[in-house]
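User: Hi! I am new to this structure and would like to get to know it step by step. Could you take a few questions from me?

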Amino acid sequence: MTLRFIAKDPNTDGANCPTVWVNEERQELVMQGWKADDVTRADCLTAGPIPDSEEVVRLPMRMVAAIREACDVAERSTVR
């Protein structure tokens, strides 16, 4: 699996921070974020269960540009 790095959270120290990648081969966005707290998880559970193979992460709004760029990269991917 080859991940294409998009960006790290611009307001952090560059280590252990929210990050966005694109996996063009698997046609996926990959995101590293802060673990959701119990209150956030509970709110998410109102929409349905969270399977053991999935997780809820939090990304700051300041990462919108990076997420948008990742979406653009994924959309331009020749693999569909």
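User: How confident is the prediction, and which helix has the highest confidence?

Analyst: The chain has a mean pLDDT of 89, and 95% of its residues reach 70 or more. Confidence is lowest in helix 2, with a mean of 90. It is highest, at 96, in helix 1.

User: In what order do the elements of the chain run?

Analyst: Let's begin with the count: the chain holds 2 helices and 5 strands. Reading from the N terminus on, their order is β-β-β-β-α-β-α.

User: Which element gives the most residues to the largest nonpolar core?

Analyst: That core has 8 residues: Ile6, Ala7, Val20, Val22, Met63, Ala66, Ala70 and Val73. Two or more residues come from each of strand 1 (4–8), strand 2 (19–23) and helix 2 (64–76). With 3 residues, the top contributor is helix 2.

User: Which residues does Met63 contact, leaving aside its neighbours within four places in sequence?

Analyst: Met63 is itself a member of the largest nonpolar core. Contact here asks for heavy atoms within 4.5 Å. With those neighbours left aside, the partners of Met63 are Ala7, Lys8, Asp9, Pro10, Pro18, Thr19 and Val20.

User: Why does Val64 count as partly exposed rather than buried or exposed?

Analyst: Val64 is found in helix 2. Buried would need a relative accessible area under 20%, and exposed one over 50%. Val64 counts as partly exposed because its relative accessibility is 34%.

User: How far apart are the C-alpha atoms of Val64 and Asp9?

Analyst: Along the chain, these two residues are 55 residues apart.

User: What share of the contacts with a separation of 6 or more joins residues 24 or more positions apart?

Analyst: For scale, the C-alpha trace spans about 40 × 30 × 20 Å along its principal axes. Of the chain's contacts with a separation of 6 or more, the share between residues 24 or more positions apart is 45%.

User: One last thing: how far apart are the centres of the positive and negative side chains?

Analyst: The chain carries 10 positive and 14 negative side chains. The distance between the centres of the two sets is 4 Å.

Terms used
Residues are numbered from 1 along each chain as its sequence is written. This is a predicted model: local features need pLDDT of at least 70, side-chain atom pairs count only at pLDDT 80 or more; totals for chains, interfaces and linings use all residues. Side-chain values use heavy atoms; hydrogens and water are left out. A nonpolar core is a set of buried Ala, Val, Leu, Ile, Met, Phe, Trp, Tyr and Cys residues joined through side-chain atoms within 4.5 Å. Buried means under 20% relative accessible area, exposed over 50%, partly exposed in between (1.4 Å probe, protein chains only). Helices (H or I, at least four residues) and strands (E, at least two) are DSSP runs, numbered from the N terminus. Lys and Arg count as positive and Asp and Glu as negative; His and the chain ends are not counted. The place of a charge is taken as NZ of Lys, CZ of Arg, CG of Asp or CD of Glu. pLDDT is the predictor's confidence in each residue, from 0 to 100.
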